[in-house]
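Please consider the packing and charge pairing in the structure shown below.

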Amino acid sequence: MDSSRSWPATAYHSSLPDGRASGRIAVEAEDLVFHADSLPPLRMRIADMDIRFGGFNNQQAYICHSQLPAWTFLCTDPRLLNDDVIASHPFHGRKARRTNRASRNWPWPAKALIALTVLSITGIIALWTFRGEITDYVAGKIPVSVEEQLGEAVYAQVLSTTKESEDAALKAQLDAITSRLVPAIKDKRYAFKFHIVENDTINAFAVPGGHIVIHTALLKKAKRPEEVAGVLAHEIAHITRRHSLRNMVSSLGTTAVLAAIFGDMSGVVDGAASLLGQKYSRDFEREADSKGFQYMLDAKLDPTGMIDFFATLAEEEKKSGGGMSGALEFFSTHPATEDRMATLKEMMKIVPVGTVFEPIVVPAEAPAPIVPATP
Ligand SMILES: [Zn+2]
């Protein structure tokens with residue numbers, strides 16, 4: 001037997017002990033011959049044998065022949081298929097080449113890589129499809145206390161670049177509004193803290209955990225307290241719906257957020273600055289509008305204040321000829337204003353006819369203390 005043309009093989013037949021025998025299969029002239037110590041050589045003509053391929057890599061050759069009925073030979077050595085006699089056979093050769101091509105071009109590491117790639121792509125698609133749900137799930141696991149710590153860090157950043165207003169009249173105006181609005185918020189998880197900061201741009205924004213920052217210009221430019229209340233109701237909704245936190249979870253990634261849950265705030269606080277001036281998605285803005293609208297109704301405040309504020313903004317923009325740089329920050333962080341006005345107007349239609357709103361009463365400015373004339 002020419003060992004360069006013989007390969008380990010197994011013969012299967014019911015007459016064999018355990019139904020099988022190990023040996024070698026050899027190409028001899030025009031025949032394939034199975035040799036085993038316990039058996040006489042078993043010979044079959046290559047020309048009319050039957051080869052089928054199987055196994056995980058399709059390289060196990062199962063060989064049968066009508067000359068040896070009920071016998072099956074298995075050879076797992078791929079070199080058998082490359083033997084000249086088999087490779088040049090018009091039918092077996094084509095079958096073998098097909099099998100070889102399939103397995104040579106795609107060795108198992110490549111197959112594993114392809115499988116991994118397919119799995120990763122599927123995973124990425126799934127993550128992308130369910131990113132909102134995943135973000136919400138992770139955000140939902142973050143306790144309000146962590147959100148508050150984070151809010152403190154963000155608010156400290158605000159204070160590092162601006163200062164709180166000492167204007168007593170503006171504070172009184174704000175108190176009159178918040179004392180109406182806050183008790184009506186049914187979500188009691190957050191202690192809202194309102195801050196007026198010196199700033200000529202018309203803006204207000206919420207920080208996770210309960211801080212709401214209002215620029216002096218917003219209070220000064222609003223035509224009536226209900227306009228401010230509308231803005232605050234909207235900002236409160238950003239907090240109660242945890243929009244900032246959800247934005248943060250999706251931008252910082254879950255690792256930093258999980259670190260925060262386990263007490264390591266450093267990474268998160270570093271990212272806190274990115275929360276300033278952040279834009280919310282249209283969905284978040286819509287949600288803040290409709291929640292805010294509900295808060296206004298709950299507080300018996302006229303929700304048209306929300307719509308009027310947009311009109312005031314538009315007027316200010318016109319007055320400035322669109323050139324007042326930064327004055328309309330609120331517009332830049334609150335896009336799609338036309339849409340939102342239209343939606344708010346639609347929402348007004350569901351307010352029951354005859355609903356009575358209670359106007360916000362802002363105390364008149366306290367008279368200057370009378371200084372007794374010195375004699
Ligand atoms: Zn908003």
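Leaving aside residues up to four places away in sequence, I212 touches F192, K193, F194, H195, F205, A206, L232, E235, I236 and I239, where contact denotes heavy atoms within 4.5 Å. The model is a predicted one, in which local features need pLDDT of at least 70 and side-chain atom pairs count only at pLDDT 80 or more, while totals for chains, interfaces and linings use all residues. Residues are numbered from 1 along each chain as its sequence is written, and side-chain values use heavy atoms, with hydrogens and water left out.

I212 is also among the residues with the most contacts inside the largest nonpolar core, together with L181, I214 and L232; this core has 45 residues. Helix α9 gives the most to this core, with 8 residues. A nonpolar core is here a set of buried Ala, Val, Leu, Ile, Met, Phe, Trp, Tyr and Cys residues joined through side-chain atoms within 4.5 Å. Buried means under 20% relative accessible area, exposed over 50%, and partly exposed in between, with a 1.4 Å probe and protein chains only. A second, separate core of 26 residues includes W7, F34, M49 and L81.

Helices are DSSP runs (H or I, at least four residues), numbered from the N terminus. Because 16 of the 16 residues of α9 are buried, the helix is largely enclosed by the rest of the structure. Just after α9, R242 takes a positive phi of about 55 degrees.

Charge pairing is the next topic. The structure holds 21 salt bridges, each a side-chain nitrogen of Lys or Arg within 4 Å of a carboxyl oxygen of Asp or Glu. One of them joins D289 and R340, with the closest N and O atoms 2.7 Å apart. This pair links distant parts of the chain, since D289 lies in helix α12 and R340 in helix α15 (residues 337-348), 51 residues apart. D289 is buried, with a relative accessible area of 4%, and R340 is buried, with a relative accessible area of 4%.

R286 is partly exposed at 40% relative accessibility, whereas D283 is exposed at 52%. Finally, R224, E226, D302 and D308 are linked in a network of salt bridges.

Technical notes: Helix = DSSP H or I, 4+ residues; strand = E, 2+ residues; numbered from the N terminus.
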